[in-house]
Amino acid sequence: MSRIRSILGRRGPSLACWTIVAAGLAGAALAREPAVAIYLASFVYYGLYWCAFAWGVLSFEVFKRDALLLKAVSVAALAFVYLQAPPDLLSLGVIALGILLNARAAAVLGIDRTYYGHELAGLPARRITEFPYSLMSHPMIVGNVMAFGGTLLNPEFRAAWWPLATLHVVLNLALLAMERAGPGRRPVLRLAGLLVLAATAAAATVAAGNHAVSSRLSQEAT
């Protein structure tokens, strides 16, 4: 029993996130509504970030692993629907620049600090002066906003999936606000994060429902 409690204590938030993803994917498969799965898989990792930042973690390695995997699921979900639209060179160019900026920033910062190693694992504070930190304070957030926002430059993707990309942009700005507030303001972050995630869940539910209705109407029309 004590071992189960220990596992739940270290992996509780991660297990909750993966359970949400699995349940949502199963429900979407049964209902044959892929939009539900896309929206659900896209935003769970933001909840994991918020939970870790606002409450801390018992196992940094578990958090880091699940953060990487859940973000990969999110990016894959977005790429799946984006690549179904005809290519748009401007959109692809902005996305590529955002990804390159993000990757360069992560390489300079290091994987542990990228995933809040200073705030969650007690790594010593360190001033980074290499590019792109020589130009801006939060290049990874800027890169994410560029990449997700760049998808909206593709007209066909934007027409069908603009809420998906917009929510990514909004949530990255929320992460920026969270990082600037710092873990010293955890009571505020807990409440604010809960409100943001609740609003995201409501918006994603409405967007997925609207997309499903539009898809059915298109199929009936053909």
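## Packing of α7 against α8

In this predicted model, helix α7 (residues 139-151) packs with helix α8 (residues 155-181) at an angle of about 170°, and their axes lie 8 Å apart. Because angles over 145 degrees count as roughly antiparallel, α7 is roughly antiparallel to α8. By class, their contact (heavy atoms within 4.5 Å) has nine nonpolar, five polar and one charged residues. From α7, the residues Ile141, Asn144, Val145, Phe148, Gly149 and Thr151 take part, and among their partners in α8 are Phe157, Ala165, His168 and Val169.

## The largest pocket

The largest pocket has a volume of about 1200 Å³, and 43 residues line it, with Asn102, Thr114, Tyr133, Met140 and Ile141 nearest its centre. Lining residues have an atom within 4 Å of a point on a 1 Å grid, where a pocket is an open set with protein on both sides within 12 Å along at least five of seven lines.

Helix α7 contributes the largest share of this lining, eight residues, while α2 (34-55), α3 (60-82) and α4 (89-109) are among the elements that give two or more residues. The lining divides into 25 nonpolar, eleven polar and seven charged residues.

## Thr205 in α9

Thr205 is found in helix α9 (residues 186-221) and is exposed (over 50% relative accessible area, 1.4 Å probe, protein chains only), with a value of 57%. Its C-alpha atom is separated by 9.6 Å from that of Ala35, 170 residues apart along the chain.

## Basis of the values

Residues are numbered from 1 along each chain as its sequence is written, and side-chain values use heavy atoms, leaving out hydrogens and water. Local features need pLDDT of at least 70 and side-chain atom pairs count only at pLDDT 80 or more, whereas totals for chains, interfaces and linings use all residues.

Terms used:
Axes are lines fitted to C-alpha atoms, for helices over the stretch in contact, and angles run from 0 to 180 degrees between N-to-C directions. Helices (H or I, at least four residues) and strands (E, at least two) are DSSP runs, numbered from the N terminus. Angles under 35 degrees count as roughly parallel, over 145 as roughly antiparallel, 65 to 115 as roughly perpendicular and the rest as oblique. Ala, Val, Leu, Ile, Met, Phe, Trp, Tyr, Cys and Pro count as nonpolar, Asp, Glu, Lys and Arg as charged, and the others, Gly among them, as polar. On a 1 Å grid over the protein atoms alone, a cavity is a set of points where a 1.4 Å probe fits but cannot get out, and a pocket is an open set with protein on both sides within 12 Å along at least five of seven lines; lining residues have an atom within 4 Å of a point. Grid points are joined across faces, edges and corners, and a volume is the space filled by probe spheres set on the points. Buried means under 20% relative accessible area, exposed over 50%, partly exposed in between (1.4 Å probe, protein chains only).
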